[in-house]
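User: Can you walk me through this model? Keep it quick, please.

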Amino acid sequence: MGKIKDMKAYVGSDEIMKLTTLKAVLAEFLGTLLLVFVACGSCMSGWSDDSLPPTVVQIAFAFGITVATIAQSVGHVSGCHINPAVTCGMLVARYISVFKALCYIVAQCLGGLAGAAILKGMTSTNSTGNLGMTVVSSNVSVGQALGVELIITFILVLVVFGATDERRNDLKGSAPLAIGLSITACHPHGRSSHGGVDEPSENLRSSGSHRYLGEPLGVLGWAHPRRDAGSRHLLLRLPGAEGEKL
């Protein structure tokens, strides 16, 4: 993951006709599709007559392990962002071109919608519910829920950059697992306030595939990726920080 220094390369005009770009975009589409289908499917109950509602822990591990598994599978093709927040972070830090970032975000949104459509089509009407849609709890305001989204997304992007920093020589474990566990760790907190999933594509997916189009965080979920990515980048550039040259 090398930093882009040339402005022409940062725009990405030379990547338009490359086969590797197409493969990377398709990997983002497929990765987000699988994430939505598997992880959001874990949020629903009623798959059998005697099934119990899934617990927060079950859902948290479903999201985290799914992300880790997909990252291990297609990370070598596209970097496995499968999240507009991560893509925006990579763009701000100049690790991805503008053209490729735009293609990634479109692919992620389409993949999320496709995954939700498949999930809805393969689920009975008794267990479909709202497909795990992000809805603000009655115990918190929209502003408070948005604040939770900002923080947990910041944590995710921070872990992604920290776990994949090529300048570190102290990393001994699995980067995909670390990223997946960061989602698992943050999910119970977000779930308690608004069913939080720190992915804008997840919000688009659930709103676009369900009748509650435009639920507060389904829209506001798009307000945080660049802000979180920028603040993470500034944090690592503070004097004395190990990421100073990022």
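Analyst: From the N terminus on, the elements run α-α-α-α-α-α-α-α-α-α-α. That is 11 helices and zero strands. Helices (H or I, at least four residues) and strands (E, at least two) are DSSP runs, numbered from the N terminus. This is a predicted model: local features need pLDDT of at least 70, side-chain atom pairs count only at pLDDT 80 or more, and totals for chains, interfaces and linings use all residues. Residues are numbered from 1 along each chain as its sequence is written, and side-chain values use heavy atoms, with hydrogens and water left out.

User: What share of the residues in the protein is buried?

Analyst: 49% of the 246 residues. Buried means under 20% relative accessible area, exposed over 50%, partly exposed in between (1.4 Å probe, protein chains only).

User: And how much of the contact count comes from residues 24 or more positions apart?

Analyst: Among contacts with a separation of 6 or more, such residues account for 76%. Contact means heavy atoms within 4.5 Å.

User: How many residues are in the largest nonpolar core?

Analyst: It has 39 residues. Leu35, Phe63 and Met90 have the most contacts inside it. A nonpolar core here is a set of buried Ala, Val, Leu, Ile, Met, Phe, Trp, Tyr and Cys residues joined through side-chain atoms within 4.5 Å.

User: Which elements give two or more residues to this core?

Analyst: α2 (19–41), α3 (56–78), α4 (84–92), α5 (98–121), α7 (142–163) and α8 (175–194). The largest share, seven residues, comes from α2.

User: Switching to α4. Which of its residues are buried?

Analyst: Pro84, Ala85, Val86, Thr87, Cys88, Gly89, Met90 and Leu91. That makes eight of the nine residues of α4, so this helix is largely enclosed by the rest of the structure.

User: What caps its N-terminal end?

Analyst: Asn83 does: a side-chain oxygen lies 2.9 Å from the backbone nitrogen of Ala85. A polar contact is a pair of N or O atoms within 3.5 Å; within protein, one must be able to donate a hydrogen and the other to accept it, and residues adjacent in sequence count only if both atoms are side-chain atoms.

User: Where is Ile82, and what is its phi?

Analyst: Ile82 is in the loop between α3 and α4. It is not a glycine, yet its phi is positive, about 35 degrees. Ile82 is also buried, with a relative accessible area of 1%.

User: What about phi just after α4?

Analyst: There Arg94 takes a positive phi of about 65 degrees. Arg94 is in the loop between α4 and α5.

User: What does the charged end of Arg94 sit over?

Analyst: The ring of Tyr10, 4.4 Å from its centre. A charge sits over a ring if NZ of Lys or CZ of Arg is within 6 Å of the ring centre and within 35 degrees of the ring normal.

User: Back to rings. How many aromatic pairs does the count come to?

Analyst: One. Tyr95 and Phe161 form a tilted pair, 6.2 Å centre to centre, with 55 degrees between the planes. Tyr95 lies in the loop between α4 and α5 and Phe161 in helix α7, so the pair ties together parts that are 66 residues apart in sequence. Rings of Phe, Tyr and Trp (its six-membered ring) pair if their centres lie within 6.5 Å; planes under 30 degrees apart count as stacked, over 60 as edge-to-face and the rest as tilted.

User: Are those two buried or exposed?

Analyst: Tyr95 is buried at 14% relative accessible area, and Phe161 is buried at 3%.

User: How far apart are the end C-alpha atoms of α7?

Analyst: They are 31 Å apart, which agrees with the 32 Å that its 22 residues should span at 1.5 Å a residue. The expected span is 1.5 Å times one less than the number of residues.

User: Now α8. What does Thr184 contact?

Analyst: Leaving aside neighbours within four places in sequence, Thr184 is in contact with Ala60, Phe61, Gly64 and Ile65. A polar atom of its side chain lies 3.1 Å from the backbone oxygen of Ala60. Thr184 is in helix α8 and counts as buried at 10% relative accessibility.

User: And Ser182, what does that touch?

Analyst: Leu156 and Val159, not counting residues up to four places away in sequence.
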